Structures are given as C-alpha cells and as structure tokens.
Amino acid sequence: MTQLRRINEPSGRLFPDSPPFKIVKLGESAARKQTDNLKTLHGMLLESEPMYPAIGRWYSEKVLPGLRTSERVAYLAFENERPVASAVLKLGEHAKFCHVRIHEGFRDLNLGQMIFTQMAFQARHQKGVKDIHFTLPAGLWSDRAGFFTSFGFDAALKSSRQYRQGEDELYCSAPISTVWERALERIHLLTRFSPGGFSCDDKILLS
C-alpha cells in the first residue's frame, strides 16, 4: 500500500500517512472475476455521464472487453478506501489515454502527474507502441496546457470526433519516446510508488 503525504506538508509527499493512499491496477483478472474494484471503476465512469452521454455504452462495449483481452488497463486511486481518481489506458501501436478523472480536492496534488507517469510506464513496456494520444476539453487545455506540454504534448488540435456535449474536444499526440523521457523526469515524485509495476522502493506494493 502506497502511503504519501500531501504536497504542502514538510515532507513534500502527496497524501497524509493516515488515512492511507493506494493505486490499484485492473486488468484481465478483474474483468473476468467482476471484482468490487471493477464495479467501482464502472460507477466512477458513470459519474461523467452528464458530460459524456455515451460513456456507459463505451464501458460495456470497449473498456470491459478490452480489459478481458489485455488491450486495456485501468487504474483506481483510493484515499482511505474512498475512490478519488480513475484512469483507462488503451494499448497498441497508437496507445491512448482513454480516460483520466480526478475528484475535486485532489487535482492540485500531483496526482495527475503520477497517473500519467504510471500509464506512460505501462505503455513503454509493451512491444510496438509508437505514440500516445488522447482527447480533452478545450477549457482544460486552456487551464492546464503547461501540464500536458510537460509530458511532450506540445499542441492541441480540434478532434475529428467530439465526445463531450457543449464544449470542443481537442486532440493531443506525442511519440512514446518523448512521453517516456518526460515520465522518467518524474521519478523523484514516485520514490514510494512503483510506476508500471516496476518498484522504485522495496517497501512499495502496487496491487
């Protein structure tokens, strides 16, 4: 279990030692066994339904089958057993950060950097991946462009597919080599976390 302090505490870590913080990876086994964590992921995705009306169908038709075939990987972040963030990664030659959502109150604590780094490590250790892409609301790019450019996503163009109601969806892409290089720069943020399942500290367990 990963235990981190909030970034504004003297230790410089993300979350307080009590309650504990942990990241859970969901894959083929979770999909096959229909685990509680899988149900939690489904519930968190449905919370975005007002903005993304088709997200329930996307989970049933894309995410769940993708987890079963290991084409996709999902992550949940918990603080004291309360889910605070979710993410879905699609693997393949052109990998995709399909979904990243962080609850209010946790968006300025470097959790987004941790999740992006985790997914970059996962993609980097799959054969044949050439680049990573994702879409995002235009307003999010305006507010957080510095975050995305820090991972090598230097431009955002209007997406050919629009997933969100009431706001333009933009498209970002970068070579896996660039995203990987930028992710490596964040190892100092993850000294008690195991990105991609590769331990940076022998005291850490990614469940």
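1. The side chain of K22 makes a polar contact with the side chain of E81, at 3.4 Å. A polar contact is a pair of N or O atoms within 3.5 Å, one able to donate a hydrogen and the other to accept it; residues adjacent in sequence count only if both atoms are side-chain atoms. K22 lies in strand β1, residues 21–26. K22 counts as buried because its relative accessibility is 19%, and buried means under 20% (1.4 Å probe, protein chains only).

2. This is a predicted model: local features need pLDDT of at least 70, side-chain atom pairs count only at pLDDT 80 or more, and totals for chains, interfaces and linings use all residues. Residues are numbered from 1 along each chain, and side-chain values use heavy atoms, with hydrogens and water left out.

3. The largest nonpolar core has 37 residues. Such a core joins buried Ala, Val, Leu, Ile, Met, Phe, Trp, Tyr and Cys residues through side-chain atoms within 4.5 Å. F97, L111, F116, M119, I132, F134 and F153 touch the most other members. Helix α4 (111–124) gives the most to this core, eight residues. A second, separate core of 18 residues includes M44, Y52, I55 and Y59.

4. The largest pocket holds about 1500 Å³ of space. A pocket is an open set of points on a 1 Å grid where a 1.4 Å probe fits, with protein on both sides within 12 Å along at least five of seven lines; lining residues have an atom within 4 Å of a point. Its lining has 41 residues, with Y52, C98, H99, V100 and T135 nearest the centre. β4 gives the most to this lining, seven residues.

Methods
Buried < 20%, exposed > 50% of the residue type's maximum accessible area, 1.4 Å probe, protein only. Helix = DSSP H or I, 4+ residues; strand = E, 2+ residues; numbered from the N terminus. Points joined across faces, edges and corners; volume = space filled by probe spheres on them.
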